[in-house]
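Please examine the sequence and the three-dimensional model shown below.

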Amino acid sequence: WAPRIRLRGLPFSATEDEIRQFFDGFKLAGAEISCLQNVEIIRRPTDGLPTGHAFVYFDEWEEACRAREQRQRAYLGNRWIEIYV
């Protein structure tokens with residue numbers, strides 16, 4: 001499976017495209033073929049509302065770790081984001 005990181009603390013209004021922009025400059029999984037499945041926003045099963053968590057998939061573990069190092073506690077909107085590998 002593709003290496004992934006988990007994001008915590010996302011604004012509930014964050015979109016998949018905004019999360020992709022947050023990782024601009026990093027090689028996400030399938031980026032060379034415009035894959036739209038490299039971001040997965042986690043939603044509550046009962047009503048489909050976002051939980052503030054998401055998974056982001058990368059082609060390589062090294063890239064996932066580099067993204068964590070460089071984007072840990074960076075702001076997306078008005079919230080800082082925690083990243084777990």
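How many bridges join strand 2 to strand 3, and in which direction do the two strands run relative to each other? In this predicted model, strand 2 and strand 3 are joined by 4 bridges and run antiparallel. One of the facing positions is Arg 43, which stands opposite Pro 50 in strand 3; another is Glu 40, whose bridge partner in strand 3 is Phe 55. The two strands form a hairpin with 6 residues between them, and Gly 48 in the turn has a positive phi of about 80°.

An open sheet of 4 strands has the order 2-3-1-6, with antiparallel pairing. Strand 2 and strand 6 stand at its edges, and each has a single partner strand, so one side of each is left without a neighbour in the sheet. From one strand to the next, the twist averages 25°. Strands of a sheet pair through backbone hydrogen bonds, in either a parallel or an antiparallel manner. Strand 1 and strand 3 are joined by 5 bridges and run antiparallel, and Arg 8 stands opposite His 53 in strand 3.

Is strand 3 largely enclosed or largely open? Of its 8 residues, 6 are buried, so strand 3 is largely enclosed by the rest of the structure. His 53 is found in this strand. With a relative accessible area of 18%, His 53 is buried, because the cut-off for buried is under 20%. The side chain of His 53 makes a polar contact of 3.1 Å with the side chain of Arg 6. Leaving aside residues up to four places away in sequence, His 53 touches Arg 6, Leu 7, Arg 8, Leu 10, Ile 41 and Ile 42.

In soluble globular proteins, nonpolar side chains tend to be buried together. The largest nonpolar core here has 20 residues, of which Ile 5, Leu 7, Leu 10, Ile 19, Phe 23, Val 56 and Phe 58 touch the most other members. At least two residues of this core come from each of strand 1 (4-8), helix 1 (16-22), strand 2 (39-43), strand 3 (50-57) and helix 2 (61-71).

Which residues of helix 2 are buried? They are Glu 63, Ala 64 and Ala 67. Seen down the axis of helix 2, these buried residues fall within an arc of 100°, so they line one face of the helix. An α-helix has 3.6 residues a turn, so residues three or four places apart point the same way. The buried residues of helix 2 pack against strand 1 and strand 6 (82-84). On the other side of helix 2, Glu 62 and Glu 69 are exposed.

Just after helix 2 comes Arg 73, in the loop between helix 2 and strand 4. Arg 73 has a positive phi of about 60° although it is not a glycine. Its relative accessible area is 51%, so Arg 73 counts as exposed, for which the cut-off is over 50%.

Glu 82 is found in strand 6 and, at 16% relative accessibility, counts as buried. Apart from residues up to four places away in sequence, Glu 82 touches Arg 6, Leu 7, Arg 8, Gln 72 and Arg 73. A polar contact of 3.4 Å joins the side chains of Glu 82 and Tyr 84.

Finally, the loop between strand 4 (75-76) and strand 5 (79-80) holds Gly 77. Is Gly 77 buried or exposed? Gly 77 is exposed, with a relative accessible area of 67%. Gly 77 and Phe 22 are 55 residues apart in sequence, and their C-alpha atoms are 9.9 Å apart in space.

How values were computed: Residues numbered from 1 in each chain as written. Predicted model: local features only at pLDDT ≥ 70, side-chain atom pairs only at ≥ 80, totals over all residues. Heavy atoms only, no water. Core = buried A, V, L, I, M, F, W, Y, C linked by side-chain atoms within 4.5 Å. Buried < 20%, exposed > 50% of the residue type's maximum accessible area, 1.4 Å probe, protein only. Arc of directions from axis to C-beta. Contact = heavy atoms within 4.5 Å. Pairing = 2+ DSSP bridges. Axes fitted to C-alpha atoms, helices over the stretch in contact; angles between N-to-C directions. Polar contact = N/O pair within 3.5 Å; in protein donor to acceptor, adjacent residues only side chain to side chain.
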